[in-house]
Amino acid sequence: MRWHLPRTAAAGLIAAAGLAVVVASDDGARLSQRWRQHDVHRPHPPVVEPAESPIASRPPKDAIILFDGTNLDAWKARDGGGPARWNIVDGVLQTVPGAGAIETRERFGDVQLHVEWCAPDPPHGVGQDRGNSGVFLMGEFELQVLDSYRADTYADGQAGAIYGQYPPLFNASRPPGQWQTYDVAFRRPRFDATGRLIEPARITLFHNGILVQNNEAPFGPTAWLRWFPYDPHQARGGPIALQDHDHPVRYRNIWLRKLPDRPEPSAADVERPRTVALTHERLDRYAGKYRPANRPDSPPWKIVREDDHLALWLPARPFGIPMEPISETEFDMRQTDGRFTFRIDAGGKITGIHFRIADSERELSRVDP
Ligand code: MG
């Protein structure tokens, strides 16, 4: 089933241009180095035996519940947007063959997703015609759902595959009729303001607790029989969709958590105190050994002048940490929120250091005055 065509030729060209920069190129030479879709010579992953099927797990308190056995309020038909026409039987969501795919009403970008699914028992059919469904991230990237228990198909189409692109690292399938889990970490693709792809999507998948996709980067959306590049519309995120592939696959306990963007530091956050120039003579006065005041038996910390600056050498660390003077007695760390303030007694003798590192404070005593 092909769900994808680029929205517009222009958008496709923009995405293709972006892909050329970041994900290497979409040119013929590069494409020829990939496995072709569904290559029967592609090695199959080793079979592993997962733990026994657990009872349905409970979602975290802050999860967005997509299906808890009671209703399909979060879902709609993928075609036309009408009500989702799948059945709920005894608290379990059942694909209605021919009813079409369903998708969430809400769009999502970066998510942690949990899905439980169950292939038909007794099994029926072979290859791709055996318990086929799929979980589409952003409506674009299919995690294949298939009865792959002691059942053969091409490697990039079995359960746990990023369909047509990446076979799972292992075949972690449970027998048909047993509940199986997908736990997904998904990071949506990133585009710059011109629509150029700057970061492909990322997918990590645990199948029945076994890692089967390790931070893989799809080279485009799932599409059958050919490849398409990323498209800038994907910056908006997309729905979670479940595929109807004419097989009565069942689902339960579907939830996700939206993942926040990491905050970038503001201009104020990256502002640093102005550094001052200290003479070598001044720096040399601070150079020496210091020891944590509360750990008199511990090895000393060394402060060394390296050309025109001081560096802190900690015990058992093979590198020095530059210290930036911001006054006659205070030094900041360039890459860490920390500050050294040298203590000087009334006679001008350097007796130790007050060291603040993040939210803790330490006192160091001079060892070799
Ligand atoms: Mg499928």
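How many bridges join strand 5 to strand 14, and in which sense do the two strands run? The legends below take up this pair along with other close-up views of a predicted model.

**View 1. Strand 5 meets strand 14.** Two bridges join strand 5, residues 102-104, to strand 14, residues 241-242, and the two strands run antiparallel.

View 2. As a reminder, strands of a sheet pair through backbone hydrogen bonds, in either a parallel or an antiparallel way.

View 3. Is glutamine 128 buried or exposed? With a relative accessible area of 15%, glutamine 128 counts as buried, because that value is under the 20% cut-off. The side chain of glutamine 128 makes a polar contact with the side chain of threonine 153 at 2.9 Å, and it also reaches the backbone oxygen of glycine 157 at 3.0 Å. Beyond the neighbours within four places in sequence, glutamine 128 is in contact with Gln144, Leu146, Thr153, Tyr154, Gly157, Tyr163, His245 and His247.

**View 4. The hairpin of strand 18 and strand 19.** Here strand 18 (residues 309-313) pairs with strand 19 (residues 320-325) in the antiparallel sense, over four bridges. Look for alanine 311, which stands opposite proline 322 in strand 19. Six residues lie between the strands of this hairpin, and alanine 316 takes a positive phi near 65°.

**View 5. From strand 19 on to strand 20.** Strand 19 also pairs with strand 20 (residues 330-333), again in the antiparallel sense, over three bridges. A hairpin of four residues joins strand 19 to strand 20. Which residue in strand 20 is the bridge partner of glutamate 324? That partner is aspartate 332.

**View 6. Placing the views in the chain.** The domain assignment divides the protein chain into domain 1 (7-258) and domain 2 (270-366). Between the C-alpha centres of domain 1 and domain 2 there are 53 Å.

Conventions: Residues numbered from 1 in each chain as written. Predicted model: local features only at pLDDT ≥ 70, side-chain atom pairs only at ≥ 80, totals over all residues. Heavy atoms only, no water. Buried < 20%, exposed > 50% of the residue type's maximum accessible area, 1.4 Å probe, protein only. Polar contact = N/O pair within 3.5 Å; in protein donor to acceptor, adjacent residues only side chain to side chain. Contact = heavy atoms within 4.5 Å. Domains from an automatic or database assignment. Pairing = 2+ DSSP bridges.
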